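User: Hi! Could you walk me through this structure?

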Amino acid sequence: MTDTGRDEPSRAERSLAERSPAERSLAEPVEAGSLRQAQGAPAVEITGVDKVFDTRSGDVQALEAIDLTIAAGEFVSLIGPSGCGKSTLMRLVADLDEPSTGTVTVFGKTAKQARLDQDYGIAFQQAGLLPWRTVADNVALPLEVHGVASATRRDRVAHLLDMVGLTEFADRYPDQLSGGMQQRVAIARALAEQPRLLLMDEPFGALDEMTREKMQADLVRIAGETGAAVVFVTHSIPEAVFLSDRVVVMSPRPGRIREIVTMELGPDASSGTRAGRTEGLREERAFFDMVTAVREALHGAPVAGARGVETR
Ligand SMILES: Nc1ncnc2c1ncn2[C@@H]1O[C@H](COP(=O)(O)OP(=O)(O)O)[C@@H](O)[C@H]1O
Ligand SMILES: [Mg+2]
């Protein structure tokens, strides 16, 4: 079953996706203490977070009592019905909004400081590429904005395009690419500044199923290669299982964490490189077992059919 209630990204999300963290941070002064090292700090630490939106028709409690710690290098997916607060939680981590109560830290810093330090890259459902720039120039943009020397920039862009399999398309323009290719450009751009954290809100939501599975395999490999932690929002249970070390299952509004399911997919799939996350994994018993575990966490066991999430 396919969820038809998938949200379009908000204007804020789109404009954020269009501007790299580098561009956004240029507009703001770097605070003292930004070079403070936070070795060993988790990638994300969310403690006692509530989010209430004050709307004309009254208060909307979007998130309630959220506690979540994501380790450096860990891949965590957020899954739950539409409107349960997944994007809101992501926006708090990205410092696009503030919690009503509680705290969010990123590598031991405030979310704002992490944004200023470009500790994370972001990719949302819309690729948000600049249509008048080539693929290579889109990927290079954050580096250009930061005054990275052109030779270094060329090398870095070549490496990133190789990583996402787009070397041959470096000189094309976004409208000459498929949706999947555009998303790969957006992922390369998000990785340009070698962030230790990637925030991805339904980045594959608009892609066909085959492209989507290919992108999932690519993302797993890239996350393993770069060692970046990833926070990944999805409606798809198999997608969450294939990608994640842990799947955070959220309840309908007010969004709470219902359960955190640790993926047990065999030693190769769980090691640092996630080398066992190959296409074959999707056929394995352990994979089906984990899909079932996440479905049951979402709906209560046993379930005849899922509501509000994809089960394909
Ligand atoms: N800026 C806002 N103002 C008022 N309500 C909002 C705002 N952003 C989100 N919400 C509400 O908060 C809830 C969670 O939204 P969201 O985080 O987008 O959910 P999800 O991404 O899980 O679909 C929804 O009820 C939504 O209508
Ligand atoms: Mg959303």
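Analyst: Happy to. One term to begin with: two strands pair if DSSP finds at least two bridges between them. Helices (H or I, at least four residues) and strands (E, at least two) are DSSP runs, numbered from the N terminus. This is a predicted model, where local features need pLDDT of at least 70, side-chain atom pairs count only at pLDDT 80 or more, and totals for chains, interfaces and linings use all residues. Residues are numbered from 1 along each chain as its sequence is written, while chains are lettered from A and ligands numbered from 1 in the order in which they are written.

User: Good. Which residue is the bridge partner of Met250 in β10?

Analyst: Ile257 is the partner of Met250 there. β9 (residues 246-250) and β10 (residues 257-262) run antiparallel over 5 bridges, and the hairpin they form has 6 residues between the strands.

User: And how many residues join β1 to β2 in their hairpin?

Analyst: That hairpin goes through 2 residues. β1 and β2 are antiparallel over 9 bridges; in this pairing Val44 faces Ile70 of β2, and Ile46 stands opposite Leu68.

User: What order do the strands take in the open sheet of 4?

Analyst: The order is β2-β1-β4-β5, with antiparallel pairing. β2 and β5 (109-110) are at the edges with a single partner strand each, so one side of each has no neighbour in the sheet.

User: Switching to ligand 1: how many residues surround it?

Analyst: The shell has 13 residues, and the closest are Phe53, Ala62, Lys86, Ser87 and Thr88. A residue counts as near if its C-beta atom, placed from the backbone, lies within 6 Å of the molecule.

User: Last topic, helices. At what angle do α5 and α7 pack?

Analyst: α5 (residues 135-145) and α7 (residues 179-191) pack at about 30°, with axes 7 Å apart. Axes here are lines fitted to C-alpha atoms, for helices over the stretch in contact, and angles run from 0 to 180 degrees between N-to-C directions. Angles under 35 degrees count as roughly parallel, over 145 as roughly antiparallel, 65 to 115 as roughly perpendicular and the rest as oblique. α5 and α7 are therefore roughly parallel.

User: Which residues of α5 meet α7?

Analyst: Val135, Asn138, Val139, Leu141 and Pro142 of α5 meet Val185, Ala188 and Arg189 of α7. Contact requires C-beta atoms, placed from the backbone, within 7 Å.

Terms used:
Two residues are in contact if their C-beta atoms, placed from the backbone, lie within 7 Å.
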